[in-house]
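Please find below a short note on the model under discussion.

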Amino acid sequence: MGEGVFVEAVEKSLVRTNGFAPSCIDVFEVDSRMLKAFEEKAHFVRTRCRNQDFITTSIRATYDAVIANPPYVRHHAMDYGDEVIRRFDALAGERLSRMTNLYGLFLIKIWTLLAPGGRAAVITPAEWLNADFGRAIKAFFLRENAIEAVLHFDHAAQVFDNALTTAAITLFRRGRGDDDDVKLLTVHDLRALQAVDLNEARRFRRSELEPAHKWTPLFSTRGRRTSEGSTLGDVARCTRGIATGANRYFTLRESERRHHGIDLRDMAFCITKAQQIREQILTKAHVRQLVQMDERIHLLQPRPRITAAVKRYLEEGRRLGVHKRYLPSHRPVWYRPEQRKAAPILVSVFAREAFRFVVNRAGILSLTAYHAIYLHAPGRDRVNALFDYLISHEAQNELRHHQRIYADGLLKLEPRDVEALSIPMELSRRLSG
Ligand SMILES: C[S@@+](CC[C@H](N)C(=O)[O-])C[C@H]1O[C@@H](n2cnc3c(N)ncnc32)[C@H](O)[C@@H]1O
């Protein structure tokens, strides 16, 4: 219910259309102060306030219509026990991902509460259409033939205040025919929403929609090019940065390196924090600056012949129990982190607005704050051509189809999201040739 904007909207629409008022609206809200404020306002439709948790409360009624803007809460911020999630597994007839966002549970429960012929409109982040946790939810809704349409806001349209999330409105209808299409429509902004015409939507047979695939590319013509055209994965490989399993031990500042007397040849330069790169083109001069600033920039990479200084440092590592940590203990040699070549292009794993791509002219390695992009066919011109595309508006917009969105608007890319980025055919040809 929140501040009750939906009840007010129903009332306004009844006045405008001179329509029949529903016999009663059940409003759910866990925050009793909000309910109190709501009850103090005058309403001409009959409402029944339910100060209950929508997820756990048992609801016997079914509804002709549901409107909801469910809360957005990531799985690790939810405090429901596994038995609650298991109840949702049972509702969905699928084991749900334990990463499912709270709004995913709302979507499922709302669908189960619809009376025959009932309809629902639920606004949520669009993320579930793409995220891994959305797979089981999409499979369930497809099986149930629940989805009449999904309206996907253009990523440029800021729908939720103070959030960088893209939004979607899911329309459910109970009683759809087996052959009824699922309609997917892009809405450019809030004003366009008023004039939405579902006849203009792209239509898909249920059998054409694959729960494991990302759905947002299906909304646009641009999406069609993705399936026919090229992706970054065709011309390059993207991998996570180096995971050491004990960054504090395996990476050193210049002052620490000197203190331990470790030779530079037993070290590799390595970016250990996202903020260490501020420029688009990273050169050796920048690395020298980072060394001077005594940033943590050296990664331990002992040569086969262990020096006395390295030996002392390894003994200290053993004393600290580093060799027993998960990753080190699973490596052939606990003190040799993965051997990697420096990648010509790096991309930040997290972003607030735009993901940052960096040309790595310094030949530096990177820990997990950046993913590494290796072209199948290397070469400076090719690296520059790919980089120019990656920093273009077009690529940044494309990336929005693939990024994952965290609760506070933080955006994340997995390596396979980067590989799924569509690239122009012409560029693809140039990079493969
Ligand atoms: C995103 S707001 C939307 C409010 C309102 N529908 C609107 O659009 O303005 C979500 C509301 O759900 C309430 N809420 C959060 N978890 C809930 C739950 N498990 N059951 C019922 N309400 C909940 C929050 O207190 C908040 O007021």
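**Notes on the predicted model**

1. Helix α4 passes helix α5 in a left-handed crossing, meaning that the near helix is turned anticlockwise from the far one by less than a right angle. Helices here are DSSP runs of H or I with at least four residues, strands are runs of E with at least two, and both are numbered from the N terminus.

2. This is a predicted model, in which local features need pLDDT of at least 70 and side-chain atom pairs count only at pLDDT 80 or more, whereas totals for chains, interfaces and linings use all residues. Residues are numbered from 1 along each chain as its sequence is written.

3. The axes of α4 (residues 102-112) and α5 (residues 134-144) lie 11 Å apart at an angle of about 15°. Axes are lines fitted to C-alpha atoms, for helices over the stretch in contact, with angles from 0 to 180 degrees between N-to-C directions. The two helices, α4 and α5, are therefore roughly parallel (angles under 35 degrees).

4. An open antiparallel sheet has three strands in the order β16-β21-β20; two strands pair if DSSP finds at least two bridges between them. Its edge strands, β16 (350-351) and β20 (404-405), each pair on one side only. Between β16 and β21 (residues 411-412) there are 2 bridges, and Phe350 stands opposite Lys412.

5. The domain assignment, which is automatic or from a database, gives domain 1 (53-219) and domain 2 (237-432). Their C-alpha centres are 37 Å apart.

Terms used. Parallel < 35°, antiparallel > 145°, perpendicular 65-115°, else oblique.
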